[in-house]
Structure formats: C-alpha cells, structure tokens
Amino acid sequence: MRPAEPLLIRAATRGSPLALWQTHHVAALLRAVDPSIEVEPVVVTTTADRRQDVPIAEMGGKGVFVKEVQAAVLDGRADIAVHSAKDLPSATHPDLVISAIPERGDPRDALVGCTLADLRPESHVATGSQRRQAQLAHLRPGMRFSHLRGSIATRLDKAAGFDAIVVANAALDRLGIPERASEVLDVDVMIPQVGQGALAVESRLDAVDVSDVLASIDHGPSRRVLEAERAFLAELGGDCDLPAGAHATVSDDVVRVDAMIGSIDGMVLLRERVEARDGVAAARSAARRLLDDRGGAGLLDDR
Ligand SMILES: NCc1[nH]cc(CCC(=O)O)c1CC(=O)O
C-alpha cells in the first residue's frame with residue numbers, strides 16, 4: 001500500500017516567537033489527528049510589528065495585528081491564518097471563517113516584577129492595555145502608569161524599569177518562562193480580555209476541505225466560551241482597546257460570563273455576572289446591563 005499523499009497546509013502567522021509557538025502548536029494538533037498533514041508557516045510581518053513606537057490605538061486598533069495575516073489567506077499565499085483569539089476584531093472578515101478554536105490555554109493576566117500585595121500607591125506600572133490599567137488603578141488608587149508595547153520579550157526586557165508590568169500568563173507559559181510571573185492574577189481579581197489564552201484559526205469560507213480538516217482540532221467548550229466573550233465585545237461595538245473585559249466559563253452546560261467596564265483612572269469599576277445555557281445571550285445581556293443600566297456607555301464615551 002502506498003503511503004497517503006501528504007496534505008500541505010500553509011499557515012499564515014506573525015513572526016514573533018509567541019506567534020510561531022502558536023502556529024507550531026496548531027501544526028502539532030493537526031498532525032496528532034493526521035500524521036500525513038504538513039504545516040508550512042508563512043510568516044507575515046505586520047505594520048504593527050514594525051512600528052513598536054506607535055500606540056496600537058493610533059494605528060487603527062487591535063485589528064492591525066490580524067489584517068495583514070488574514071490578507072495572506074485571502075490572496076492565496078496561505079490556507080489558514082493562526083491568531084491569538086484576543087487580537088481578532090469581533091466581526092470576522094466576510095470571506096473568512098474561524099474553522100478551529102483549539103483547547104484554550106490560561107486566560108489569566110500575570111504581574112511581572114512584584115506581586116499585587118507589593119504594589120503601593122506610589123508604584124509605577126507599565127501596560128499598554130486600558131483594561132489592565134483600569135482594574136489595577138481600581139485595586140491600588142494613586143499608582144502611576146506608563147505605556148508599554150512590543151513583543152513579550154521586548155516588554156520583559158523593559159520590566160526592570162518599573163515596579164511591575166502586566167502580560168498574558170499564556171504567553172509566559174508558551175515561551176517557556178512561567179517563572180517570570182511574580183503573581184498570576186485570579187480572574188476574579190482581574191477580568192481577562194475577550195479571547196485571552198485562546199487561539200483562533202481562520203480559513204477561506206469557500207475552502208471547505210480545509211475547514212473540514214481544521215474541525216478535527218476544534219474544542220467545543222473553548223468555542224462556546226469564546227463565542228460568548230466575542231458577543232460581549234461585539235455588543236460594546238469596540239474593536240480597539242477598551243477599559244473592558246469579559247471571561248466566560250462553562251460547566252454543567254451553563255455558560256457563566258463575568259464582564260467589566262471601568263474608567264481608565266480606576267475610579268469606577270462596573271462588573272456583571274450572567275449565567276445561561278446560551279452563552280452568547282448571557283454575554284449580550286451582561287453588556288447591556290453594564291452599558292445601559294449601570295452607566296458604562298458613558299464611561300466608554302468619556303475616554
Ligand atoms: N496584546 C498582544 C497579545 N495578544 C495575545 C497575547 C498573549 C497570548 C494570548 O492571550 O493568547 C498578547 C500578549 C499580552 O497580552 O501580554
């Protein structure tokens with residue numbers, strides 16, 4: 001018997017060590033299902049990667065990380081695009097489909113430099129995320145914040161200049177440096193960003209053969225919570241960085257959504273928890289309560 005024809009899947013990815021780890025992870029998951037699959041990374045250098053000096057918000061929001069990776073799939077240079085789910089805008093491209101959401105990693109944020117208990121009102125924290133700043137400022141009023149962006153390695157290199165920086169714990173795990181976390185913040189202390197710790201693999205809507213293969217590495221519970229979290233983001237109408245976050249979990253067929261909207265100075269922090277079998281409905285209702293009933297819409301407008 002002849003061996004099966006190898007199936008080549010070209011995977012568009014950013015070139016950072018984290019993005020490459022994620023692409024290799026997707027490749028390993030696919031090959032565990034079908035060893036005849038070969039995954040060839042197609043590295044795309046995004047404008048956002050080249051311009052480390054410019055805040056994300058000024059480059060057009062968080063979609064800047066994914067647009068150029070998606071373009072490689074849309075114009076046929078690649079078959080799939082591997083993204084950090086949290087970098088994906090809430091509305092996907094009309095010609096693309098999220099054909100796999102593999103089992104989610106750690107959704108939590110990590111403090112690097114010192115623990116939460118070590119943070120004083122005079123402490124200086126660096127983060128580029130309005131969500132992280134709003135929640136930390138609420139926990140420890142008075143702290144000074146500086147902007148920080150760049151790859152995880154770049155940010156870790158600059159950590160010594162501050163009392164603490166905040167990064168996704170999944171990134172430390174994936175880069176093999178979990179010991180850099182001074183403290184991993186419980187989701188009750190710091191609500192994570194929509195999609196944090198999860199991967200989203202896109203393919204062309206018309207490439208049914210590719211999406212069939214990817215379906216084999218889709219993880220149902222992870223898809224269910226991610227779709228809920230993304231519905232929260234869509235309801236907020238925000239694809240740029242907002243002082244807002246949502247985290248969903250599923251147990252006994254019930255999805256629980258914890259969501260927050262705050263002011264960047266930490267003076268106001270609104271939280272809601274909604275549980276329902278329909279996670280998307282739960283997330284939308286958490287968003288409506290925060291925006292309409294509790295004044296969150298005004299907070300987002302005032303930024
Ligand atoms: N903001 C950029 C970004 N996009 C995805 C991750 C980490 C990996 C993940 O959340 O899956 C990071 C780094 C960070 O937030 O510290």
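These legends describe close-up views of a predicted model.

**View 1**

**View 2. Contact between domain 1 and domain 2.**
Domain 1 gives nine residues to the contact. Domain 2 gives 13 residues. On the side of domain 1 that touches domain 2, five residues are nonpolar and four are polar. That side of domain 1 has no charged residues.

**View 3. Shell around the ligand.**
Ser84, Lys86 and Asp87 are among the residues that surround the ligand. The shell also includes Ile152, Val167, Ala168, Ala170 and Ala171. Gln196 and Gly197 belong to the shell too. Strand β8 (164-168) and helix α6 (169-174) are the elements that give two or more residues each. By class, the shell holds five nonpolar, three polar and two charged residues. Domain 1 and domain 2 each supply at least three residues to the shell.

**View 4. Geometry of the α8 and α9 pair.**
Helix α8 covers residues 220-236, and helix α9 covers residues 279-293. The two helices pack at an angle of about 30°. Their axes lie 8 Å apart. Angles under 35 degrees count as roughly parallel, so α8 is roughly parallel to α9. The crossing of α8 past α9 is right-handed.

**View 5. Residues where α8 meets α9.**
The α8 side of the contact includes Arg224, Val225, Glu227, Ala228 and Glu229. Ala231, Phe232, Glu235 and Leu236 also belong to the α8 side. From α9 come Gly279, Val280, Ala282, Ala283, Arg284, Ala286, Ala287 and Arg288. The residues of this contact between α8 and α9 divide into ten nonpolar, one polar and six charged. Among the charged residues, Glu227 and Glu229 sit in α8, while Arg284 and Arg288 sit in α9.

Definitions and conventions: Residues are numbered from 1 along each chain as its sequence is written. This is a predicted model: local features need pLDDT of at least 70, side-chain atom pairs count only at pLDDT 80 or more; totals for chains, interfaces and linings use all residues. A residue is near a molecule or strand if its C-beta atom, placed from the backbone, lies within 6 Å of it. Helices (H or I, at least four residues) and strands (E, at least two) are DSSP runs, numbered from the N terminus. Domain bounds come from an automatic or database domain assignment. Axes are lines fitted to C-alpha atoms, for helices over the stretch in contact, and angles run from 0 to 180 degrees between N-to-C directions. Angles under 35 degrees count as roughly parallel, over 145 as roughly antiparallel, 65 to 115 as roughly perpendicular and the rest as oblique. A crossing is left-handed if the near helix is turned anticlockwise from the far one by less than a right angle, and right-handed if clockwise. Two residues are in contact if their C-beta atoms, placed from the backbone, lie within 7 Å.
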